[in-house]
Amino acid sequence: MSSSDIGTDGARTRAPRVVVMGVTGCGKTTAGAALAQRLRVPFADADDFHPEANVTKMAAGIPLDDDDRSPWLFRLATWLRDHEETGAVIGCSALKVKYRDILRSGAPELTFLHLHGDREVVAARVAGRPGHFMPASLVDSQYDTLEPLREGEAGVAIDFALPVDVIIDDYVRAFPAQAVPGDPVVPAAS
């Protein structure tokens, strides 16, 4: 969103669409749900969009390849496109630029919150998640695949070790035009 997305009354004129991205176990769902609540838009977890074949493959400790991810990413892009009016936040790994390009095909003004941090912390988090299909053995493959946000990609990288409230405040400060009018973290326009 840009300053043109804020009306003369200080209210946003377009609801934001945001991807909370990063490797497995970085806190995408927790931060994404909190950001969606803060921005007053719907939230979705990209894991819920995986076809059964992808879930089975990951549960077996086999990393997904681009052929596995492509249909899933296009489903997510469609979901984002379908939420143009309401806005949306989705928690999605979005590890490569080309994956983020597919997501942007559904929402060209899409912004990203990249949760980044220590590999060992993520491995411990993933090992401690009961009942999740993603095993800790795939953490290294996620870090190997990760392409951080590049110049020209609208987004901000924030350490996932920070408290969730701080992560959300830092994101809103980076994209004040997305804030709900009256958000105390965003200074009033002068």
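User: How many of the residues of helix α4 are buried?

Analyst: The model is a predicted one. Helix α4 spans residues 97-104 and is mostly covered. A residue counts as buried under 20% relative accessible area. V97, Y99, R100, I102, L103 and R104 are buried in α4, and of the 8 residues the number buried is 6.

User: Which elements do the buried residues of α4 pack against?

Analyst: The buried residues of α4 include V97 and L103. Their packing partners are β1 (17-21), α3 and β4.

User: Is H114 buried or exposed?

Analyst: H114 is found in strand β4, residues 111-116. Buried means under 20% relative accessible area. The relative accessible area of H114 is 4%, so H114 is buried.

User: Which residues is H114 in contact with, leaving aside its neighbours within four places in sequence?

Analyst: Contact here means heavy atoms within 4.5 Å. With the neighbours within four places in sequence left aside, the contacts of H114 are M21, G22, L146, P148, L149, V156, A157 and I158.

User: What is the geometry of the pair F49 and W79?

Analyst: A search of the whole structure finds 2 aromatic pairs. In the pair of F49 and W79, the ring centres are 6.1 Å apart and the planes are at 70°. Planes over 60 degrees apart count as edge-to-face, so the pair F49 and W79 is edge-to-face.

User: How many residues apart in sequence are the parts that F49 and W79 tie together?

Analyst: F49 lies in the loop between β2 (43-45) and α2 (52-59). W79 is in helix α3, residues 66-82. The pair therefore ties together parts whose separation in sequence, in residues, is 30.

User: What is the relative accessibility of F49, and what is that of W79?

Analyst: The cut-off for buried is under 20%. F49 counts as buried, and W79 counts as buried. The value for F49 is 14%, and for W79 the value is 16%.

User: Why is α1 oblique to α7?

Analyst: Helix α1 (residues 28-39) and helix α7 (residues 164-174) pack with their axes 10 Å apart, at an angle of about 55°. That angle makes α1 oblique to α7. The crossing of α1 and α7 is right-handed. The reason for the term oblique is therefore the angle of about 55°.

User: How do the residues of the contact of α1 with α7 divide?

Analyst: From α1, T30, A31, A34, L35 and R38 take part, and they meet V164, I168, D169, Y171 and V172 in α7. The residues of this contact divide into 7 nonpolar, 1 polar and 2 charged.

How values were computed
Residues are numbered from 1 along each chain as its sequence is written. This is a predicted model: local features need pLDDT of at least 70, side-chain atom pairs count only at pLDDT 80 or more; totals for chains, interfaces and linings use all residues. Side-chain values use heavy atoms; hydrogens and water are left out. Axes are lines fitted to C-alpha atoms, for helices over the stretch in contact, and angles run from 0 to 180 degrees between N-to-C directions. Helices (H or I, at least four residues) and strands (E, at least two) are DSSP runs, numbered from the N terminus. Angles under 35 degrees count as roughly parallel, over 145 as roughly antiparallel, 65 to 115 as roughly perpendicular and the rest as oblique. A crossing is left-handed if the near helix is turned anticlockwise from the far one by less than a right angle, and right-handed if clockwise. Ala, Val, Leu, Ile, Met, Phe, Trp, Tyr, Cys and Pro count as nonpolar, Asp, Glu, Lys and Arg as charged, and the others, Gly among them, as polar. Rings of Phe, Tyr and Trp (its six-membered ring) pair if their centres lie within 6.5 Å; planes under 30 degrees apart count as stacked, over 60 as edge-to-face and the rest as tilted. Buried means under 20% relative accessible area, exposed over 50%, partly exposed in between (1.4 Å probe, protein chains only).
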